[in-house]
Amino acid sequence: MRMPPPCSLRYRVIQTLYVFDSLDAAMRPCPASRCPTTDKARDAVKETLMNDALILLAHGSRDPRWRAPFDNLAAALAEHLERPLRLAYMELCEPSLESVAAELDASGCRRAEVLPLFFAAGRHLREDVPGQIAALHGQHPSLALELLAPVGEHPAFVDALAGIIEGRAATETDDF
């Protein structure tokens with residue numbers, strides 16, 4: 001398996017899971033009693049994860065049928081992640097990036113990464129979304145927002161898309 005770059009979200013998730021595995025291993029020698037130091041470390045890691053959210057950002061549409069796949073994606077991903085995950089739309093529908101940022105700030109979240117569900121960084125991701133994030137920093141100074149590269153630019157996305165294409169090609173070939 002190819003390791004993702006150290007600055008990527010996937011790398012940080014893998015490192016976090018490694019920390020949990022290390023904590024579990026540290027607890028194994030004394031199964032009859034729990035170590036308070038290990039419990040504090042585990043609680044600190046969980047608290048950090050809970051104060052570090054991920055916002056999936058889609059463009060937005062007035063058509064609820066367009067939004068359904070994004071709602072389904074967010075629900076499926078939320079089941080696999082430890083940290084809070086929210087879906088937001090850049091424009092045209094709710095929840096907006098502004099309302100999600102306000103909700104996270106009110107819940108005590110201190111940091112959120114914004115992952116654009118876009119193939120590439122066009123004008124929206126070069127100008128509009130950074131402008132929204134700058135305005136949100138002024139409205140919610142205790143919430144640090146970091147705009148990530150669009151999901152379409154991630155090497156794992158390209159690999160996944162290639163797998164989908166190859167799978168479709170194999171299925172279509174089987175039909176003949």
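1. Leu97, Glu98 and Ala101 of helix 4 meet Gln132, Ile133 and Leu136 of helix 5, contact being heavy atoms within 4.5 Å. By class, this contact has four nonpolar, one polar and one charged residues; Ala, Val, Leu, Ile, Met, Phe, Trp, Tyr, Cys and Pro count as nonpolar, Asp, Glu, Lys and Arg as charged, and the others, Gly among them, as polar.

2. This is a predicted model, in which local features need pLDDT of at least 70 and side-chain atom pairs pLDDT 80 or more, while totals for chains, interfaces and linings use all residues. Residues are numbered from 1 along each chain as its sequence is written, and side-chain values use heavy atoms, without hydrogens and water.

3. Helix 4 (residues 97-106) packs on helix 5 (residues 123-139) at about 35 degrees, the axes being 11 Å apart. Axes are lines fitted to C-alpha atoms, for helices over the stretch in contact, with angles from 0 to 180 degrees between N-to-C directions. The crossing is right-handed, that is, the near helix is turned clockwise from the far one by less than a right angle. Helices (H or I, at least four residues) and strands (E, at least two) are DSSP runs numbered from the N terminus.

4. Four strands make an open, parallel sheet in the order 2-1-3-4, where pairing requires at least two DSSP bridges. Strand 2 (85-89) and strand 4 (144-147) are the edges. Neighbouring strands are turned by 25 degrees on average, direction ignored.

5. Strand 3 (residues 111-116) is joined to strand 4 by four bridges; Ala112 has Leu145 as its bridge partner.

6. Helix 3 (residues 64-80) lies across strand 1 (52-58) and strand 2, at about 165 degrees to strand 2.
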